[in-house]
Structure formats: structure tokens, C-alpha cells
Amino acid sequence: MNLFRKKRLFIFLIAFIVLVVLIGYSISGRENITTAEQFINDTVGWGQRIIHAPVNFVTDVFTNIEDIRNTYNENQLLKEKLAEYTGLIYENQELSEENEELRNLMEWMDNESIRDFNPIQATVISRSPERWVEQVTINKGLQDGVATNMAVITAEGMIGKVQTTSQFTSTVQLLTGFDQFNRISATISREDSDDIFGMIEGYDEESESLLFRIIEESDQDLEEGELVVSSGMGGVFPAGLPIGNVVEVVADQYGLTRTALIEPAADMYDINHVVVVDRALSDAEDEEEEETD
Amino acid sequence: MKHLYIPLFLFFFLILEGVALELLPVALLTSELLIVPHWVLIFLVLTAMFYEKDTTYFSIIYALIFGLLIDVVYTGVLGVYMFSYALVIYLVLGLRKVFHGNIYVSLLLGIISVMLADVAIHVIYSAAGVIQMVWNDYAIYRLLPTVLSNIVFILILYPLFAKRLSKWSEGLLAGSDSL
């Protein structure tokens, strides 16, 4: 009996040590997951793809019924907006032509700017049941050109970034799961004065909004509802991806800087089709890394 | 062949957990309540109660394997679910000798194991610094809704699998003797 107890205690201690080692290993900020994990992710992802189709069909039927009920109101609203857009299209065309001419004048060797990106279409196949880990799985991986840290967007705006990649699937960390280790350089564009620059520094669960720490103020104060977009200065995401709208501006605890609370533009719960943003303009560091690979 | 049924069903529930949140109404998702499906664990509890003989430890091994799979696929923090699930199933294996296997006992053991596993996950995540959540908030917003929603799942799963698991178990010892 004594020996049996000792054995049990021994196993428990070993299990505990293994647990600590595994956790320490996995949250130590590694670049990408190991081959074994990639294999597991791909295998489970294969099953998820099969299961996802019928489940999606059922949920779609319910959302469709809901949608049909709202159709009339939406249609009215859209007609109004459409009238506005025709004007915008002309303006846009002229501006982009002008932009191109100016670029040619400046004789840029390559026409790539920090705004350009190659879109990779993907579908969300599962969402982590662990609600503390805000993570979804998409059906594109290394084989399709997805790499870690690429931004992921929907039609409405940015939803997160690629956290880990396997060969055929990858996991996306949602904006709602961002912490101070995942910053996004962002900006609020101003017409007649300096733009406001800052960092998205994490997600505040209490107010359900992103924290946008303002680094460079403008002469004009921030207003509610202004659109925050990525600035492209971080070197990872391209510029111009919409992130969210300003809800409120608060001073930090020392009164030195100010933080704006941003409501994410995209719906984080109803995500189906996403676009992985592969920044066209790769910076020098990346190229060097690729060469060494 | 019968040996394969349990891992296959566990794999199926593992995949199903990934789409579980899509089946819930959006109002529940956007509210503060955190409902977490522990379907793999519930199936493991039923396995421990009806499939195991006194001398076998399949369910603990499955708990380790599928706990690790959940960690790899859904959270990225390895070992948390693996440790919690294996610990809980070990306790269930100890308790099953005291009780008879019927629906009330399954319900009781199911509730206890979901609670224990979720608390263990909370403790480990807090210790690792992955989350910061006060115990009071945790109990109201996560533990209670999680346990309640998983009770529904036990009630669905029990009539489907209780008899089948005992039936699969019949050939278990005979098969291992012949090996």
C-alpha cells in the first residue's frame, strides 16, 4: 500500500512537471508551431471541413429567415447610399488617375506601395470553444502562401492576424484577443491638418473596445465615430485596413497620453469568409530571412 | 474494430466543439456569459463509467491524448486540457466503484467533472498569466453557464451511449486475454 501511494504521488509529480514544461514551452513566444502540431492541426482541419459544411447550411437557413425579414428596410437604406456612391466613384477614379500620374512623375522603380496587398481568400472552419482564447481556424495554410503575422480582414474591416500556420490550415488570433504584445500601428486621417498616429494596444473586455493609444496628437480633437485605419508603419500590415470607430477618448492614469476606445468595425462573432492580407511591399528584413531559408 | 469506436467518437466530438459556438444564438455569444462546450470530457466520463473494467485505464489514456489535441488545435497553450481532463477522469474512475451506473449518477459525475475540469483550467490559465479573471466573475459568468449548458449535453448523450458503451466493453477483456 505504501509503495502504491508513493508511485501515485510520483506519477502526479511527473505529470505536474510535464505540465509546467509544456505550458512554459508553448507561451514562450515561439515563431511557429512544431511539425507534429501542424500535422494534428491539418488532420483535425480536414475533419472540420467536412463537418463545417452541413452545420453551416443549418445555421445559414436560420440567418436567411432573419435576413428576409429585414430586407425591405435594408433595401431602402441601400438605395439612398447607392445614390451617394455614384458621385464617389467619379471622384475616386479621378483621384487614382492623378495618383498614378504623380507616382510616374516621381519615377518610382516599382509601383508597389504600402497600401497594396495580395488577397488570399479563406473560409473559417472552426472557432475555439475555449472562450478565453479568441482564435478561429481558416482553411488556408503555408501551401497557399499564408504566413504568420499577416492581417486578416472581412468586408467590414480587420478581424485579426495569423497566429500560427500549418500546411493546409492556419489559426487567426482575433482582435478581441489582442494584448500588449500584438500592437497595430494605426492612424486617423485628417484632411486639413496632421494625421493622428497611435497604437492599438489591446482589447478592453469591460468596455468591449480596442484601446488606441495616441502618440501624436492633431490640432483638432478626436470626434466620436471617426474611422481608425492601419497605418502600415508597423511593417507587417498594409496601410488603409479599417479597424474601427472611435467611441470615447479617455486620459490615461497619469494624464500624459490619451487613449481612444475603438469599437471594432467587423463583427467578431459572425465570421465566415475572410481575406488574408499578404502585404505586397516586403521590407528588406523579410527578404533577407527568405534568402537564408 | 470495437476498440476504434471510442477514439472515433472522441475525434468527432473534438471537431464538433469547433463549430459549437456557431450553433448558439448570437445574443448569447455577445453577452458576457462564457459558455464552453466540454463534450469530449463528458464522453470520457461516460466511457470511464460504462466501458472500463476494474483493471483497465483506457479512459485516462484517451483523456491525455484528446486533452492534448484540444490544446494543440484550439488554444495553442499545451498541457492545460490534457492535465485537467486526465486528473478529472482519474477521480471519476475512483468514484465509479462507489456508485451504480445509472442516469442520476452519470449526471452527478458529469456535473462534478465539468466543474472540476473548468476550475482546473481556470487555475492553470491564471497561474500561467494567460487570463486575469476574479473568482466571483468566473463563477457567475463562466462556471455556471458552462455547467448548465453541459448538463443538456449529458442528458442527450446518456441514452445514446450508456448501453452501447457497456456492450462494447463486453468483448474487452476477452479480446485482451487472447492477445
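Which residue of β7(A) stands opposite Thr187(A)? It is Phe197(A). The setting of that pair comes further down.

The model is predicted: local features need pLDDT of at least 70, side-chain atom pairs count only at pLDDT 80 or more, and totals for chains, interfaces and linings use all residues. Residues are numbered from 1 along each chain as its sequence is written, while chains are lettered from A and ligands numbered from 1 in the order in which they are written.

**The barrel of chain A**

Six strands of chain A close into a barrel, in the order β1-β2-β5-β4-β3-β12. The pairing is antiparallel. Helices here are DSSP runs of H or I with at least four residues, strands are runs of E with at least two, and both are numbered from the N terminus. Two strands pair if DSSP finds at least two bridges between them. On average, neighbouring strands of this sheet are turned by 45 degrees against each other, direction ignored. Axes are lines fitted to C-alpha atoms, for helices over the stretch in contact, and angles run from 0 to 180 degrees between N-to-C directions.

Three antiparallel bridges link β3(A), residues 151-153, with β12(A), residues 273-279. Ile153(A) faces Val275(A) of β12(A) there.

Two helices pack on the sheet. One is α2 of chain A, residues 35-105, which touches β1 (117-127) and β2 (135-138) of chain A. Its direction makes about 80 degrees with that of β1(A). The other is α1 of chain B, residues 2-23, which also touches β1 and β2 of chain A. The direction of α1(B) makes about 95 degrees with that of β1(A).

Thr165(A) sits in strand β4 of chain A, residues 158-165. It is buried, with 26 other C-beta atoms within 10 Å. Buried takes 20 or more other C-beta atoms within 10 Å of a residue's own, exposed takes 12 or fewer, and partly exposed lies in between; C-beta atoms are placed from the backbone. Leaving aside neighbours within four places in sequence, the contacts of Thr165(A) include Asn32(A), Gly141(A), Val146(A) and Ser170(A). Two residues are in contact if their C-beta atoms, placed from the backbone, lie within 7 Å.

**Other strands of chain A**

Strand β6(A), residues 184-188, has four of its five residues buried, so it is largely enclosed by the rest of the structure. Its partners include β7(A), residues 196-204, and β9(A), residues 227-230. In the second, Ala186(A) has Ser230(A) of β9(A) as bridge partner.

β11(A), residues 258-264, pairs with β8(A), residues 209-216. It also pairs with β10(A), residues 242-251. Leu211(A) has Leu261(A) as bridge partner, and Val250(A) has Thr259(A). Six residues lie between the strands in the hairpin of β10(A) and β11(A), where Gly255(A) takes a positive phi near 75 degrees.

| Antiparallel pair | Bridges |
|---|---|
| β6(A) and β9(A) | two bridges |
| β8(A) and β11(A) | four bridges |
| β10(A) and β11(A) | seven bridges |

**Chain B**

Chain B has seven helices and zero strands. Its C-alpha trace spans about 55 × 30 × 30 Å along the principal axes. The radius of gyration is 16 Å, which agrees with the value near 16 Å for a compact globule of 179 residues. That radius is taken over C-alpha atoms, and the globule rule is 2.2 Å times the number of residues to the power 0.38. Of the 179 residues, 41% count as buried. Among contacts in chain B with a separation of 6 or more, 74% come from residues 24 or more positions apart.

Helix α6(B), residues 103-128, has 26 residues and should span 38 Å at 1.5 Å a residue; its end C-alpha atoms are 37 Å apart, which agrees. The expected span is 1.5 Å times one less than the number of residues. Buried residues of α6(B) include Leu109(B), Val114(B), Asp118(B) and His122(B). Gly129(B) follows the helix with a positive phi near 80 degrees.

**Where the chains meet**

In all, 32 residues of chain B are in contact with 31 residues of chain A. On the chain B side, the elements giving two or more residues are α1, α2 (26-30), α4 (58-75), α5 (80-95) and α6. α1(B) gives the most, with 11 residues. This side divides into 25 nonpolar, five polar and two charged residues. Ala, Val, Leu, Ile, Met, Phe, Trp, Tyr, Cys and Pro count as nonpolar, Asp, Glu, Lys and Arg as charged, and the others, Gly among them, as polar.
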